[in-house]
Amino acid sequence: MTATAPRLKPRRRAEIGRAPQDTGGNWRTYLALVAVLALSAFPLYWMFVIATSTDEAVSSIPPTVVPGGEFMNNLREVFTLQQVYFAASLINSFIVAFVVTASTLFFCSLAGFAFAKLRFPGRDKLMIVVILTLTVPNQLGIVALYILMGKLGWNGTLLSVIAPFLVSAFGVFYMRQFIMHAVPDELIESARMDGALTMRVYWSIVLPAIRPALAVLGLLTFVATWNEFQWPLIQLNGTEFPTSMVALSDLASGNYVIYRRVLAGAFAATVPLLVLLVLGGRQIVRGIMEGAVKS
Amino acid sequence: MSLTRSAPPAASPEPAQRRAAKSAPKQRNWLHRFDNKRVPYLLISPFFLLFAIFGLFPIVFNGIVALRNWRLDDPTLTGWAGLANFEKLIHDEAFWNALGNTFGIFILATVPQLLIALMVANLLNRKLRGNTWWRVGVLLPYVTPVAASTLVFAVFFARDNGMANWLLSLVGFGQDTPLDWRAYKWSSWIAIATMVNWKWIGYNALLYLSAMQSIPKDVYEAAAVDGAGPWRQLWRITVPMIQPVLIFTVVLSTIGGLQLFNEPMLFEENPAAASGGSNGQWQTIAQLIYKVGWKDLNLGYAAAMSWALFVIILIVAALNALATNRLGGGRR
């Protein structure tokens, strides 16, 4: 058809014109993907290697690349360290991430339901306000938020790292999008005809229909909350209630840092998220592909 | 809930039944009116209430703090400072140094990040065996806590016996004097940018992939007439078609990149110092805000600095969106 077409090999010509998503991967695609995966996993793997090694192995040249047998020893050292409160920090991280996730799911699905299915004056304008709040950088209010927490008497408590994250604009937006499509209007109408009140509709029609979206939002929220670092550091550094990220930074501070110990702690704080990725990877992928936003 | 269910049994005495029948609709009316008119606002109020307290109020209040003397170590030193904090900012070398570092790292971290993400998305945008697991795999860095991964990279980029230097020595660099990654601006920027790139490539790749999969297939058929190979297909068709998402990721990376805190913070040999290297080689603005506010205990000045950062983010995000728009438009 054109000047270039005849010069191509027949097989390549067959591929041209087909959408990439209909084209099977060849060996080069798979090789490149394996490389991408290896680079993605390598720091995690190496974290584990150092976490299981002795001091000599950590500083050997060429570097050790196979795990040793010292993981339990290193971990025990981390857990028994004074003034790092590592065990407590893991529990704190669980409490914070759990409360934030539960509250985000509840409040965001309620608001998402209202924005998607209920008619009330000002609805669309208020939704725009919700979306606009997404673009505010969190550095902007950080000093004043600290002063506010001080006035409330919450500085240095878990409450201070929970309260600001109880709802998220992204969650409201995501729930609204999902509920608009997942819950048929007729179903709500017929429930209304039977005299069901709004909360009853939410409880018996909306909630069962949005379970997949709750899983996605829940996983994303849990991961983001667990990994939160700057605000917990400001609030909880030097207290007896650090989150695990704050405890890690404590572990890595000081004049003489023992890396096998630091990375044993880092590995312990990463494992819960790896478990979530294995169990809920499909949902996390889905959430991001549907437009999740960095928190 | 329904009428039949709430109606009293037929055996009940006549007057009671009439009373119930008379008052029930009235009560229900009131309840339903409340349900229709007020409950929607009740449902959305938790979001707005919490945002007002922990989002909006701090932003407004931050503006006030920036105009005042506000020190944590000396509560007696209060009162209006006018624009003194902003004036100080303009003459503060640490601020300009941090601004330069932030931009340097931002560019080193954003450009490769988005380009490689595009390549990875292009790889994933095939009919692959086990395609969910490849996608989950590229998210490993995304779920890894930055605090944890940064500590690994801190070991990786160690001067003595670090793996990065060992790899360099294999190809003949720095065998005699290993590179001290933390000593220079350029090397510390590269190290930190590497961490940021590692963390966000997979995430951005999935955003691109999602957009790529919604490109109508006949667009590619039409391109066959031009004899476009896979590479030209990517740049001529795919990239222009996913332009909105490209702009979105550029803006996101700008907002995130200019607030970079975790990586520079934990790259430090002693993170508690928050100094961004012995000489502030890699101190970013977010890190400087933290240091000024919570190490030097000068909250007023830190507030002024966060306003400056906000304005800078606005300008850069707008410029970036414009540039990406131009670029995509020109290609089409």
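Being a predicted model, it has local features described at pLDDT of at least 70 and side-chain atom pairs counted only at pLDDT 80 or more, while totals for chains, interfaces and linings use all residues. Residues are numbered from 1 along each chain as its sequence is written, and chains are lettered from A, with ligands numbered from 1, in the order in which they are written. Chain B comes to 16 helices and zero strands; helices (H or I, at least four residues) and strands (E, at least two) are DSSP runs, numbered from the N terminus.

**Chain B as a whole**

- Of the 332 residues of chain B, 42% count as buried. A residue is buried if 20 or more other C-beta atoms lie within 10 Å of its own, exposed if 12 or fewer, and partly exposed in between, with C-beta atoms placed from the backbone.
- Among contacts in chain B between residues at least 6 apart in sequence, 68% join residues at least 24 apart. Two residues are in contact if their C-beta atoms, placed from the backbone, lie within 7 Å.
- An unreviewed UniProt entry annotates "transmembrane region" at residues 41–67, 103–124, 136–158, 186–209, 241–261 and 299–323 of chain B. UniProt positions follow the numbering used here, feature names are shortened, and annotations may be inferred rather than shown by experiment.
- Residues 41–67 of chain B are 96% helix and 0% strand, and the end C-alpha atoms of this span lie 36 Å apart.
- For residues 299–323 of chain B, the span is 100% helix and 0% strand, with end C-alpha atoms 36 Å apart.

**Where the chains meet**

- The contact between the chains takes 88 residues from chain B and 93 residues from chain A.
- On the side of chain B that touches chain A, helix α3 (residues 39–66) gives the most, with 17 residues.
- By class, that side of chain B has 61 nonpolar, 20 polar and seven charged residues. Here Ala, Val, Leu, Ile, Met, Phe, Trp, Tyr, Cys and Pro count as nonpolar, Asp, Glu, Lys and Arg as charged, and the others, Gly among them, as polar.

**The nonpolar core**

- The largest nonpolar core has 168 residues, and those with the most contacts inside it are L263(A) and L151(B). Such a core is a set of buried Ala, Val, Leu, Ile, Met, Phe, Trp, Tyr and Cys residues joined through C-beta atoms within 7 Å.
- Helix α10 (residues 185–212) of chain B gives the most to this core, with 17 residues.
- Leaving aside residues up to four places away in sequence, L263(A) touches M47(A), I50(A), A51(A), L151(B) and V152(B).

**Two helices to look at**

- Helix α9 (residues 169–182) of chain A is mostly covered, with ten of its 14 residues buried. Among them are F170(A), Y174(A), R176(A) and I179(A).
- What covers the buried residues of α9(A) includes α5, α6 (123–133), α11 (198–209) and α12 (211–227) of chain A, together with α3 of chain B.
- In helix α12 (residues 230–241) of chain B, the buried residues are Q233(B), I237(B) and T238(B). Seen down the axis of α12(B), these fall within an arc of 85°, so they line one face of the helix; the arc is that of the directions from the helix axis to the C-beta atoms.
- W231(B) and W235(B) are exposed on the other side of α12(B).

- Y85(A) has a positive phi of about 55° although it is not a glycine. Y85(A) lies in the loop between α4 (71–80) and α5 (86–117) of chain A, and is buried, with 21 other C-beta atoms within 10 Å.
- L297(B) also has a positive phi, of about 60°, although it is not a glycine. L297(B) lies in the loop between α15 (285–294) and α16 (299–331) of chain B, and is partly exposed, with 14 other C-beta atoms within 10 Å.
- G238(A) sits in the loop between α13 (230–236) and α14 (244–251) of chain A, and is exposed, with 11 other C-beta atoms within 10 Å.
- N97(B) is found in helix α5 (residues 93–124) of chain B. Not counting residues up to four places away in sequence, N97(B) touches G280(B) and Q283(B).
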